[in-house]
Amino acid sequence: EVSTTQTETVRPIIFSTDDNFDIYPPELLRVATLRKNGTAEIIDKDWDIEALVKGDDYVDLFSKEPQNGDAFYFGFKNNLSHHLLRMELDFDPIQGIGIRTEKPPRSWEYWSTQENRWMPIEQDGLADETKGMNVRGRIELHLPHLVQTTIADESLYWLRVVAKQPTLEEERRAGVRGYKRSPRLLQIIEVA
């Protein structure tokens, strides 16, 4: 049982759960990039997470000219199933150009053993203040059931954001435009 804080004028609101539910602070251990090169996929995991947290380094999330299926991975040590993950990230405002910020051409995904493939995190479980990864802001993800999977020889609980380069028909019909250049992550400010 937990409650909100009581003040002089407001009584606390008390919450309880029917089953045990442990809430863990996220432990981000690794990031990795997957870039498409024709039919080949190139995975790079040699990003210094501490330098990204300090803002001493940056990483382009996708290929220089983003390809459909390019991805950037966040690898967590602990299982964050059914948690609300909040990340405050700072992006270079002149890098991820060419998109309509209200319809960013990207998808947040998790690995599903039931489907044996990457599945999108439902849009109602997503809040994004970064204007399509173009400014500093908060991204919130309501996470489904997660499982460990191996990316770049690391068995962790991975989430990824994937570039979705629209077809000409999608551009015309839905007004979605693809990235002309990769979004550039300047700093991982907070992961909570």
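Is Trp-158 buried or exposed? At 2% relative accessibility, Trp-158 counts as buried; the term stands for under 20% relative accessible area, with exposed meaning over 50% and partly exposed in between (1.4 Å probe, protein chains only).

The model is predicted, so local features need pLDDT of at least 70 and side-chain atom pairs count only at pLDDT 80 or more, while totals for chains, interfaces and linings use all residues. Residues are numbered from 1 along each chain as its sequence is written, and side-chain values use heavy atoms, leaving out hydrogens and water.

**Stop 1: Trp-158**

Select Trp-158, which is found in strand 13. Helices (H or I, at least four residues) and strands (E, at least two) are DSSP runs, numbered from the N terminus. Next, display the residues in contact with Trp-158, where contact means heavy atoms within 4.5 Å. Leaving aside neighbours within four places in sequence, they are Arg-30, Ala-32, Tyr-73, Phe-74, Gly-75, Tyr-110, Trp-111, Trp-118, Thr-149 and Ile-151. Arg-30 is 128 residues from Trp-158 along the chain, yet their C-alpha atoms are separated by 9.1 Å. A polar atom of the Trp-158 side chain lies 3.3 Å from the backbone oxygen of Thr-149.

**Stop 2: the nonpolar cores**

Proceed to Leu-159. Leaving out residues up to four places away in sequence, Leu-159 touches Phe-72, Tyr-73, Phe-74, Phe-76, Leu-85, Glu-109, Tyr-110, Ile-121, Leu-141, Leu-143 and Leu-146. A nonpolar core is a set of buried Ala, Val, Leu, Ile, Met, Phe, Trp, Tyr and Cys residues joined through side-chain atoms within 4.5 Å. The largest has 33 residues, of which Phe-74, Trp-108, Leu-141 and Leu-159 touch the most other members. Two or more residues of this core come from each of strand 3 (28–37), helix 1 (49–54), strand 6 (71–76), strand 7 (84–91), strand 8 (106–112), strand 11 (137–142), strand 13 (154–163) and strand 14. Apart from it lies another core, of 12 residues, among them Trp-111, Trp-118, Ile-151 and Val-162. In soluble globular proteins, nonpolar side chains tend to be buried together.

**Stop 3: Ser-182**

Select Ser-182, in the loop between helix 2 (168–174) and strand 14 (184–191). Ser-182 counts as buried because its relative accessibility is 2%. Its side chain reaches the backbone nitrogen of Phe-62 at 2.8 Å, and a polar atom of that side chain lies 3.1 Å from the backbone nitrogen of Leu-61. To see the surroundings, display Asp-60, Leu-61, Phe-62, Ser-63, Lys-64, Pro-66, Gln-95 and Gly-96, which Ser-182 touches when residues up to four places away in sequence are not counted.

**Stop 4: Arg-100**

Arg-100 is found in the loop between strand 7 and strand 8. With 27% relative accessibility, Arg-100 counts as partly exposed. Its side chain makes a polar contact with the side chain of Glu-102 at 2.7 Å. A polar contact is a pair of N or O atoms within 3.5 Å; within protein, one must be able to donate a hydrogen and the other to accept it, and residues adjacent in sequence count only if both atoms are side-chain atoms. Not counting residues up to four places away in sequence, Arg-100 touches Ala-174, Gly-175 and Arg-177.

**Stop 5: Gln-67**

Gln-67 has its place in the loop between strand 5 (59–60) and strand 6. At 36% relative accessibility, Gln-67 counts as partly exposed. Show Lys-36, Ala-163 and Gln-165, which Gln-67 touches when residues up to four places away in sequence are not counted.

**Stop 6: two loop residues with positive phi**

Most residues other than glycine have a negative phi, and most peptide bonds are trans. Select Lys-131, in the loop between strand 10 (126–128) and strand 11. Phi of Lys-131 is near 55 degrees, a positive value, and Lys-131 is partly exposed, with a relative accessible area of 49%. Then select Asp-153, in the loop between strand 12 (149–151) and strand 13. Phi of Asp-153 is near 65 degrees, also a positive value, and Asp-153 is exposed, with a relative accessible area of 71%.
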